[in-house]
Amino acid sequence: MKIRRYWDVSASKDGDWTVGVKMTGPDENGFVTVLHVERFRPTLIEPGDGGEITFLDSGISVAADGATPILDAGEDAGILMRSGCRMGICHTCTRDKTSGPVRNVVTGAVSDRDCEAVQLCVSRPAGDVVIDL
């Protein structure tokens, strides 16, 4: 089988993880088109107390409640940040936290270790936090 096109798509939806593969063809040249789709929705944990988020490079500080992801709080303050899935899957938004507690809403874990990498899309402040960004 010769594959002409291959698409890999991930999307969020209500419900459990589902995977589907659709193939079309073969066409007149013997090629098929393959579409691989994954849909998922993480189980979210209750938010924390929130706090002030300080972004070191920009010097911007914002107050955020425990339900607001650090990524969203920074973007709302005008800071451009790399991101991808916004669900903790791709790790594109991972940045260094220099201090302060954060809650990962996918795992429920609270970490107050200094100098650790955190995923900004699924991390909420659980107190005052400093991000090296």
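Which residue in strand 8 is the bridge partner of R103? The points below take this up, together with the strands and the cysteines.

1. This is a predicted model, in which local features need pLDDT of at least 70 and side-chain atom pairs count only at pLDDT 80 or more, while totals for chains, interfaces and linings use all residues. Residues are numbered from 1 along each chain as its sequence is written, and side-chain values use heavy atoms, with hydrogens and water left out.

2. The bridge partner of R103 in strand 8 is V110. Strand 7 (residues 102–104) runs antiparallel to strand 8 and is joined to it by two bridges; strands here are DSSP runs of E of at least two residues, numbered from the N terminus, and two of them pair if DSSP finds at least two bridges between them. An open sheet of three strands results, with antiparallel pairing in the order 8-7-10, and its edge strands, strand 8 (110–111) and strand 10 (123–125), each pair on one side only.

3. Strand 4 (residues 51–55) and strand 5 (residues 60–64) run antiparallel with five bridges, and they form a hairpin with four residues between them, where G59 in the turn has a positive phi of about 75°. T54 has S61 as its bridge partner in strand 5 and stands opposite V130 in strand 11. Strand 11 (residues 129–131) pairs with strand 4 in the parallel sense over three bridges.

4. Zero disulfides are found in the whole structure, a disulfide being a pair of cysteine sulfur atoms within 2.5 Å. The closest cysteine sulfur to that of C93 is in C121, at 3.5 Å, which is too far for a bond.
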